[in-house]
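Take a look at the sequence and coordinates first.

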Amino acid sequence: MTSLSGGSDNGGSAQEPQPLVCARCGTGAEGPQPTWTCSVENGIRQYFCDTCSRDNLRAIEGRLDSAWW
């Protein structure tokens with residue numbers, strides 16, 4: 001079987017994991033952070049650190065985009 005051009009086959013090379021950065025305050029993290037919040041806004045995945053998530057819990061629960069915080 002062959003892959004169509006533009007398919008998801010990247011030749012077997014693994015993609016380097018990108019360091020997480022909080023979209024609100026810019027805090028960086030090495031490796032996965034299971035306590036961070038992930039939000040998809042306008043088709044873009046954004047991550048928020050523990051502190052920003054706690055500070056904006058009502059807006060997150062109300063499903064407000066981070067621009068409203």
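This is a predicted model: local features need pLDDT of at least 70, side-chain atom pairs count only at pLDDT 80 or more; totals for chains, interfaces and linings use all residues.

The questions below go from the overall fold to single residues.

Q: What percentage of the 69 residues in the protein chain is buried?
A: A residue counts as buried when its relative accessible area is under 20%. In the protein chain of 69 residues, the buried share is 22%.

Q: Which residues make up the largest nonpolar core?
A: In soluble globular proteins, nonpolar side chains tend to be buried together. Here the largest such core holds nine residues in all. They are Leu20, Cys22, Ala29, Trp36, Phe48, Cys49, Cys52, Ala59 and Trp69.

Q: Which residues does Leu20 touch, not counting those up to four places away in sequence?
A: Leu20 is a member of the largest nonpolar core. Its contacts include two other residues of that core, Ala29 and Trp36.

Q: Is Gly28 buried or exposed?
A: Gly28 sits in strand β2, residues 28–29. Beyond four places in sequence, Gly28 is in contact with Leu20, Val21 and Trp36. The cut-off for exposed is over 50% relative accessible area. Gly28 has 54%, so Gly28 is exposed.

Q: How many disulfides does a search of the whole structure find?
A: A disulfide needs two cysteine sulfur atoms within 2.5 Å. The closest cysteine sulfur to that of Cys25 is in Cys22, at 3.7 Å, so the pair is too far apart for a bond. Cys52 is in no disulfide either, with the nearest cysteine sulfur, that of Cys49, 3.7 Å away. Over the whole structure, the number of disulfides found is zero.

Q: What distance separates the C-alpha atoms of Cys38 and Phe48?
A: Cys38 is in strand β3, residues 37–41. Phe48 is 10 residues from Cys38 along the chain, and their C-alpha atoms are separated by 6.4 Å.

Q: Which side chain of opposite charge is nearest to Glu41, and how far away is it?
A: Glu41 lies in strand β3. Glu41 is buried yet has no salt bridge. A salt bridge would need a side-chain nitrogen within 4 Å of a carboxyl oxygen. The nearest side chain of opposite charge is Arg24, at 8.9 Å.

Q: Which side chain makes a polar contact with the side chain of Ser39?
A: Ser39 lies in strand β3. With 18% relative accessibility, Ser39 counts as buried. Away from its sequence neighbours up to four places off, Ser39 touches Ile44, Arg45, Gln46 and Phe48. The polar contact, at 3.0 Å, is with the side chain of Glu41.

Methods
Residues are numbered from 1 along each chain as its sequence is written. Side-chain values use heavy atoms; hydrogens and water are left out. A nonpolar core is a set of buried Ala, Val, Leu, Ile, Met, Phe, Trp, Tyr and Cys residues joined through side-chain atoms within 4.5 Å. Buried means under 20% relative accessible area, exposed over 50%, partly exposed in between (1.4 Å probe, protein chains only). Contact means heavy atoms within 4.5 Å. Helices (H or I, at least four residues) and strands (E, at least two) are DSSP runs, numbered from the N terminus. Lys and Arg count as positive and Asp and Glu as negative; His and the chain ends are not counted. A polar contact is a pair of N or O atoms within 3.5 Å; within protein, one must be able to donate a hydrogen and the other to accept it, and residues adjacent in sequence count only if both atoms are side-chain atoms.
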